[in-house]
Amino acid sequence: MNNPNFDLLMWARGPGFDIALIIFAAGIVLRIVEIIVLGRKKDLAPAKGNGVAQGIKTIFSRSIPRKGLVHYAPITYIGGYIFHLGFFIAFFFFGAHIVFLDELLGFSQWWPEAISFQWPAFGRVIIESAVALAVLAMIALMYTRLTDPVRRALSTFDDYLVWVLSILPMVTGYIAVNKLFGDPVFMLALHILSVELLMIAFPFTKLMHAFTFVMARYYNGSIQGRKGAES
Amino acid sequence: MADKPMLPELMKAHGVSRRGFLKYCASLTSLMALSPAMMPRVAHALENAPRPSVIWLSFQECTGCTESITRSHAPTIEDLIFNAVSLDYHHTLQAASGHQAEAAREKAMKDNWGKYVLVVDGSIPIKNEGFSCIAGISNLQMLKDTAAGAAAIVSVGTCAAFGGIPHANPNPTGAVAVSEIIKDKPIINVPGCPPIPVVMTGVLAHFLTFGVPELDELGRPKAFYGETIHDRCYRRPFYDKGMFAEGFDDEGAREGWCLYKLGCKGPTTKSVCATLKWNNGTSFPIEAGHPCLGCTEPDFWDNGGFYKPLSVPAGDYRKLGLAAVGAGAVAGAAGAVLARAGKAKAAAAHENVDAHDLEKKS
Ligand code: SF4
């Protein structure tokens with residue numbers, strides 16, 4: 001006799017994860033290597049400023065909104081921050097995720113003397129508040145996307161797909177941990193499967209920014225820096 | 001059956017007062033998740049329950065389930081209930097063996113045809129019937145014969161309920177659960193490796209008093225398998241605070257923190273271990289410092305490793321991941337080189353055009 005929910009969970013933890021990991025890892029490496037190998041045309045003009053310093057500075061400075069823009073598009077900025085922070089807190093500081101990351105990247109295996117290398121987990125109150133705020137922020141962001149005619153016109157299928165794929169793991173995770181409804185094993189399986197969908201879409205959508213933002217910001221910053229401009 | 005004493009007489013013989021009996025009925029009522037108002041009915045039913053003949057068949061098993069039920073601390077009333085049923089065949093507990101024992105089984109079946117309760121522990125090999133036989137009769141044959149006249153079947157232990165350890169990969173004997181073979185009788189699954197003694201006696205008592213209890217989709221009585229261990233675990237506050245033991249002998253383990261990171265299956269395992277506990281309510285595995293193995297769930301032996309946390313991938317993904325990184329790097333480089341070649345080609349094919357040329361062309 002089988003428990004179909006458990007079979008689904010084991011598929012998600014086994015073959016499902018393998019498939020998602022292969023696409024995720026190969027896709028991301030492919031795109032990053034492609035960008036780097038393509039390279040840029042050499043700038044033959046004499047440098048008027050320090051491109052490297054300006055590039056590195058820009059990696060961080062672009063995380064701070066330009067003056068006035070927060071007033072111009074408050075939901076986009078504040079909602080964006082809340083979503084990213086909430087997602088990070090839940091992803092990196094929930095105990096079950098920490099063991100997952102540790103197992104995947106092998107910190108405590110490659111560095112056995114530091115068996116407790118794993119960073120401390122946050123408590124339920126922080127994690128769940130972060131998730132709830134992140135989900136609310138995403139709903140607000142979608143609201144502005146749909147109601148603002150300009151943003152709506154600019155939105156593509158990619159934007160809506162990424163929104164759904166990003167909100168699903170948070171919603172299913174919240175339901176699974178709190179046993180809001182459904183069989184707990186089934187909800188856990190759904191949570192893992194939703195993450196796998198996100199992993200598969202990752203390299204082929206704007207989600208890639210999680211990896212390319214550093215390169216892109218450095219690139220922009222260093223061009224300006226070489227020209228002696230602020231960025 | 002007429003020569004067998006009813007429960008009140010047995011109680012008197014064992015010096016159990018009526019008050020003690022009613023107390024037991026009250027706890028049984030709550031154990032079975034019935035409303036307290038049902039208590040008098042439970043008492044009445046137990047006192048007047050006809051004592052069905054019970055035939056206990058042991059197939060591919062380790063005798064752990066029998067060990068467990070005989071450990072239900074004597075002389076509790078659970079024991080009496082258990083004694084009060086007429087256990088007509090149980091080849092671990094009975095003195096007779098071989099053909100004599102089989103004759104006893106056949107007699108009990110004949111005398112109580114259509115009324116006896118069949119208890120099974122152990123799985124049934126179907127790859128080759130001869131893998132497991134009792135007195136020359138294969139397990140499969142014995143189960144089919146005995147089930148034919150049973151009022152209901154109680155599959156005790158994970159092996160009988162779901163196939164259990166004999167069913168684990170690669171399942172050399174083709175072991176299956178009782179429910180895979182018998183389709184036309186009510187089957188109550190009481191999984192666990194072994195099940196908690198009180199759960200086994202509780203299910204029998206429920207069957208004696210009210211018949212087959214309410215079952216979940218895996219055939220388990222909801223009263224005992226309705227909630228996960230994680231729901232009732234006394235270490236849960238540590239889980240909620242994010243405090244985990246990382247090893248069996250670190251500070252967290254000594255302080256009694258949550259065992260999730262050591263592979264605890266409590267969140268996906270339905271059982272009453274955390275509330276009823278074992279050895280007369282002394283403790284349960286998590287209290288003893290060991291993560292839950294998930295033994296009341298089908299295929300618990302193959303569910304990704306006892307010491308692997310639930311959130312960790314179960315397959316051999318590392319090699320695949322590294323191969324994917326390598327393949328991605330090669331494909332990315334190749335893509336970029338191709339694009340560069342395309343660029344160079346385009347540059348080579350470039351013609352210089354000035355305004356005069358354009359005017360000429362148009
Ligand atoms: S020890 Fe296991 S059952 Fe108890 S809280 Fe931790 S994960 Fe849940």
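Me: Is the crossing of H7(A) and H9(A) left-handed or right-handed?

Reply: Two packed helices are described by the angle between their axes and the distance between the axes. In this predicted model, H7(A) and H9(A) cross in a left-handed manner (the near helix is turned anticlockwise from the far one by less than a right angle). Helices are DSSP runs of H or I with at least four residues, strands are E runs of at least two, and both are numbered from the N terminus. The model is predicted, with local features needing pLDDT of at least 70, side-chain atom pairs pLDDT 80 or more, and totals for chains, interfaces and linings using all residues. Residues are numbered from 1 along each chain as written, chains are lettered from A and ligands numbered from 1 in written order, and side-chain values use heavy atoms, without hydrogens and water.

Me: At what angle do the axes of H7 and H9 of chain A cross?

Reply: In chain A, helix H7 (residues 124–147) and helix H9 (residues 157–178) have axes that come within 10 Å and cross at roughly 150 degrees (lines fitted to C-alpha atoms over the stretch in contact, with angles from 0 to 180 degrees between N-to-C directions). H7(A) is therefore roughly antiparallel to H9(A) (an angle over 145 degrees).

Me: How many helices and strands does chain A have?

Reply: Chain A has 11 helices and 0 strands. Its C-alpha trace spans about 75 × 50 × 30 Å along the principal axes.

Me: Please turn to the backbone of chain B.

Reply: Most residues other than glycine have a negative phi, and most peptide bonds are trans. B:Asn169 and B:Pro170 are joined by a cis peptide bond, with omega about 5 degrees; B:Pro170 lies in the loop between helix H8 (157–162) and strand E8 (175–176) of chain B. Another cis bond links B:Cys193 to B:Pro194, with omega about -5 degrees, and B:Pro194 belongs to the loop between strand E9 (187–190) and helix H10 (197–210) of chain B. B:Thr63 has a positive phi, near 70 degrees, and is found in the loop between strand E1 (53–58) and helix H4 (64–70) of chain B.

Key:
Angles under 35 degrees count as roughly parallel, over 145 as roughly antiparallel, 65 to 115 as roughly perpendicular and the rest as oblique.
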